[in-house]
Amino acid sequence: MARELVYTGFMSLDGVVDSPGGKVEGHRSGGWVMETEFVPEAYSLKGEELADTTALLFGRRSYEAFAPFWRESEDHAAYKDLPKYVLSTGLGEDDLLDGWGPTTILRSVEDVAKLKETEGGAIFIHGSAELARNLADADLIDRYNLLVFPVLLGAGKSLFSHSDRDKQQLRLRESASYSNGVNKLVYEVVR
């Protein structure tokens, strides 16, 4: 049985995933997650994911953004020893961060497909919008764990492809709405 590949992330109502944590990531309205009223239960999905994650997959830019922060983060200590994979054609072994557990560089979407066929549990993708679009176009993503925020950003990195492709049906697995306007949407890809 193939491993489940799960995209998890924060998204604006208009589908933008760009710079939820801050302006350093590039979007002029960066930090939009932190500007939404904090309601602890709205983030319970993130804690559940920690328990379900058996490996992490990143694109190069997201790896370079997350790795230094998460390596030192108590909230993400459970990720330290998990296998990590980075899909990049340009990243070299010398570019990998020391002290954050095993990390393997993958060079192609085909490498991700092969990874899914190995033994183990769910592989989670954080950030990495371009990677997620490419993997969705290759029909490799199995589930979307989304926290949708009540903000419209207009422009920015989108999680979903705008290319003309065959319809992809999703099945709602779980949903919840919170007092701060955030909605949890967990969708499985129907095959």
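This is a predicted model: local features need pLDDT of at least 70, side-chain atom pairs count only at pLDDT 80 or more; totals for chains, interfaces and linings use all residues.

Biologist: With which residue of β5 does Val6 form a bridge?

Modeller: β1 also pairs with β5, in the parallel sense, over four bridges. In the order of the sheet, β1 lies between β5 and β6. The bridge partner of Val6 in β5 is Phe124.

Biologist: Why is β1 described as largely enclosed by the rest of the structure?

Modeller: Burial is counted here as under 20% relative accessible area. β1 is largely enclosed because, of its eight residues, the number buried is seven.

Biologist: Which strands form the edges of the sheet?

Modeller: The sheet is open and has eight strands, with mixed pairing, in the order β4-β3-β2-β5-β1-β6-β8-β7. From one strand to the next, the twist averages 20°. An edge strand pairs on one side only, and this holds for β4 (103–106) and β7 (170–177).

Biologist: What angle does the direction of helix α1 make with that of β6?

Modeller: Helix α1, residues 44–52, packs on the sheet. The strands touched by α1 are β1, β5, β6, β7 and β8. Relative to the direction of β6, that of α1 makes about 160°.

Biologist: Which residue of β3 stands opposite Gly59?

Modeller: Strand β2 (residues 55–59) and strand β3 (residues 84–87) run parallel, with four bridges between them. Opposite Gly59, the β3 residue is Leu87.

Biologist: Which element gives the most residues to the largest nonpolar core?

Modeller: This core has 25 residues, and those touching the most other members are Leu5, Tyr7, Leu57, Leu135 and Ile141. At least two residues come from each of β1, β2, β3, α3, β5, α4 and β6. With five residues, the element that gives the most is α4.

Biologist: Which residues does Leu135 touch, not counting those up to four places away in sequence?

Modeller: Leu135 is one of the core residues that touch the most other members. With nearby sequence positions left out as you ask, Leu135 touches Leu5, Leu57, Val109, Val112, Ile125, Leu140 and Ile141.

Biologist: How many residues make up the other core, which includes Trp100?

Modeller: That core lies apart from the largest one. Among its members are Tyr63, Tyr79, Leu91 and Trp100, and its residues number 15.

Methods. Residues are numbered from 1 along each chain as its sequence is written. Side-chain values use heavy atoms; hydrogens and water are left out. Two strands pair if DSSP finds at least two bridges between them. Axes are lines fitted to C-alpha atoms, for helices over the stretch in contact, and angles run from 0 to 180 degrees between N-to-C directions. Contact means heavy atoms within 4.5 Å. A nonpolar core is a set of buried Ala, Val, Leu, Ile, Met, Phe, Trp, Tyr and Cys residues joined through side-chain atoms within 4.5 Å. Buried means under 20% relative accessible area, exposed over 50%, partly exposed in between (1.4 Å probe, protein chains only).
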